[in-house]
Amino acid sequence: MSQEYAVIGKSVPRKDGWDKVTGKAKYTGDLKFPNMLVGKILTSPHAHARILSIDTSEAEKLPGVKAVITHEDVPSLKYGISPARWDENIFCIDKVRFVGDKVAAVAALDEETVYKALKLIKVEYETLPAVFDPFEAMREDAPLVQEEYPRNINTEIHQNFGDVDKAMAEAYYVRTDRFKGQRTYQSPIEPHSAISIWDKDKLTIYSSTQSPHYFQYYIAREFGLPMGNVRVLKTHIGGGFGGKLEPTGLEFAGAVLSKLTGRPVRMFYDREDMFAHNRGRHAQFMELTTGVDKDGKILAVHANFVMDGGAYTSLGVASAYYAGALLTIPYEFDNYKFDMYRVNTNLPACGAQRGHGHPQPRFAFESHLDNIAKELGIDPVEIRLRNARKSNTTTPNEFKVETCALTEALEKARDLSGWREKKGKLPSGRGIGIGVGSFVSGAGYPIYRTDLPQASAVIKVNEDGSEATLYSGSVDIGQGSDTVLCQMAAEAMGYVYEKMRIVSADTELAPHDFGAYASRQTLMSGAAVKQAGEEIKTQLLAIAAPALGVRAEELDCREGIIFVKANPEINRTFGEAAREFFVKKGPLVGRGVYHVPKLGGKFKGAAVGTSPAYSFAAQVAEVEIDEETGEVKIAEVWDVHDCGKVINPALLHAQVHGAFYMGMGESVWEQVLFDAKGKIINANLAEYRLPTALDMPRLHSDLVDTVEPNGPWGVKEVGEGATTPVMGCISNAITDAIGVRIDSLPLSYEKVWRASKERKRNTSGE
Amino acid sequence: MARTLTDEQGVKRYLVNLKVNGDNHTVMVKGNSLLVNVLRDELDLTGTKKGCELGDCGSCTVLLDGKPVNSCLVLAVEAEGREITTIEGVAQNDKLDKLQESFVNNAAIQCGYCTPGMVLSAKALLTRNPHPTETEVREAISGNLCRCTGYVNIVKAVMAAAEQE
């Protein structure tokens, strides 16, 4: 056999492609159950107000309404996804904290009745002073969003590694720059929905979720149920990007409505609700100070950040730590200081959006590094090559990086893009820029403290060996994990991809896995799947050996054929041997489990940013600016990734495409905007501007090879890391084109136009 | 004009004939019933998705007499007597249309929520213009938002399907 692998490394078509392209694929909101009701949540029209009274009597009288619930009808136990800060209630009890906070819910026969009933609920409010700016929120006299966080400081971080002051004092050049990020929203095209069925002592919830496990854990906790009495599962998911990682009011309120009515209840968000629920990207205010030697080698970095967290914690504690933790990954330096305040405001809660906490700081750092390079007269690619991390190194905050091909990625991106021919030589209005990025291949620790393994898997071979089913708690939200994990299972078993079936993301039918976040599944779920597949193979070779007259160790199995390694002519089929196994021993089952080895240092927050492996990327973009209008056209992009062994190249490059697309939208167009009273003014897909097919540049996605010893077959991540270089890359290209740096996201046409105009005025005035 | 009945609450119901994917259906709808809801709720054709209900995202795209429309902006009563094609009508006898095959083979699908609308917008394009330029493809799907793919492989899939003409 000439090729090393039979199944992995190939662009096999996705498992769910046929169903999705024919419309057969059912998403949560497409499901119907007999006697099902429809439900919706009433939200607050005020950013900050005391609830004086709630009168549901008129709503209850409306024909077709089956139940109306408020905080009096649900558990008052606070929940959240970050265990350190459980601060949400199913419905607000004393006061509402943002426009969109949860107040009551209705279940009725149809959507139209639900909307009518919500209007009939009378809530009397006493409005309170609200605060929308994190710096104002930290003032002593600011209104408190949550009483338990003085000065509205939800999370405070002070980390110091090495000797930053000494290194700064010895530096040839020290520079401080300040940057601002914006609020963005994941905007999956599928709105969230959840169908709750509370039947006697069993609660079943179909949900658009990225993690059935965390949903199950928190829902069971809220209702005081054993986890086994709560089943959470999903059918197909229409995108998540971090916004579907934590349970919402849809699950909690839907469960209560189902219990009260004894009927299945389908709860849903409309598009406006999705924006209000949010959990999108935090707006960060980033001050970076860096000291370098005369060659541009980084000696010390101080990141001094503030982030607007909105009204609740969500995943924000982790977001805050990630913002600084991952700044140390792509470039090598020994001295690092990170200060952060995550501040509550009366705005929707922010959480984890693709790249979790890291893309805005990366934008800031890549912009900052270009400013330094310009000052020292060093080419932007060159300064990155001089600082790029190498394999087998450790960051100042104690993350071990075993493989890193950032240098090769930078060189390849430089050469593919024609950097040397273009930099400084492009005509007026055009610019070229570079940015790098990196990300964890799975978080080293789960979200709540537990000794559960990160992932587990079971494979069961059908009685006659004609099919095998992989059972995995992993979650395919569109990225293609069902496909990739089936490829991995088939490879490990010596089987055929086309004969693999998968049951995933169902807490009852599939074994535990934490789900789709932190770019973890290819490495972590994959490791468990590989082990399960190998266990199948071992058992199969043992049963197959006697008939072939050899010992099991002399056999191998590949693409469904068991053969003698020394003489492949002597063989028998996987199916025959599997049948023989079943007849003699019963079900042929393989099991796998993956624990992360203990990672990281001992300081406060040391866990965030730990990972078995880190991906790296270098990206070059060329832009064209219309100086009359400020219009930004991203013309062409070259992305080179170090993401370890690739299991499915087509799906991998598709992740890069989508991650770039999202980063590009955040760079130039996307921003959640509010009026003076904290109400979102663009909570729709016309005014929150997702790029269309006409906005996409020519995009080249390329790779450099590494084999990561900590990943199955050498894999690392791609899905989130590919978003991290984009904003810095585009920022640097725009700066190259217009000759001036814009320090706040998005780099909108208006800002580009104003900055160009300003620069011209200054130049002509000199 | 459609026949009407008035229910107990005084709401007028219209008896509407809808021809969907070649099948004739007779349904009672309200004057404000949206085509997307009638397709999904009454006929269980849930391949037509709902993403925004404002005509922004294109997830609910269907063909009305061969032209792509957002079915969240069409009243069911307006569709009376028109030829409606939903994604369920594209693969005839469970054989994929060449566009659908091309989406599968070019990794043009991720979460799949925009896919039905994308396929229908592209199908309408290829019907009126079997050999489009890449810009024409991008224009034709510019009313269909996709959050996963950056449209890269979708454009590739449509171009590849057109080349087979």
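Select A:Ala505 to begin, in the loop that runs between strand S21 (500-504) and helix H15 (521-548) of chain A. The model is a predicted one, and in it the phi angle of A:Ala505 is near 55 degrees, a positive value in a residue that is not glycine. Is this residue buried or exposed? A:Ala505 counts as buried, because 30 C-beta neighbours lie inside 10 Å, where the cut-off for a buried residue is 20 or more.

Staying in chain A, move to A:Pro746, which has its place in the loop between helix H18 (726-738) and helix H19 (749-765). Select A:Leu745 together with A:Pro746 and display the backbone: the peptide bond joining the two is cis, with omega at about -10 degrees.

Now turn to chain B and select B:Asp44, in the loop between helix H1 (35-42) and strand S4 (61-64) of that chain. Its phi is near 60 degrees, again a positive value in a residue other than glycine, but B:Asp44 is exposed, since 11 other C-beta atoms are within 10 Å and the cut-off for an exposed residue is 12 or fewer.

Last, select the contact between the two chains, to which chain A gives 45 residues and chain B gives 42 residues. On the side of chain B that touches chain A, helix H2 (98-105), helix H3 (115-128), helix H4 (134-140) and helix H5 (152-163) of chain B supply at least two residues each, and H2(B) provides the largest share, four residues. Colouring this side of chain B by residue class will show 22 nonpolar, 14 polar and six charged residues.

Methods
Residues are numbered from 1 along each chain as its sequence is written. Chains are lettered from A and ligands numbered from 1 in the order in which they are written. This is a predicted model: local features need pLDDT of at least 70, side-chain atom pairs count only at pLDDT 80 or more; totals for chains, interfaces and linings use all residues. Two residues are in contact if their C-beta atoms, placed from the backbone, lie within 7 Å. Ala, Val, Leu, Ile, Met, Phe, Trp, Tyr, Cys and Pro count as nonpolar, Asp, Glu, Lys and Arg as charged, and the others, Gly among them, as polar.
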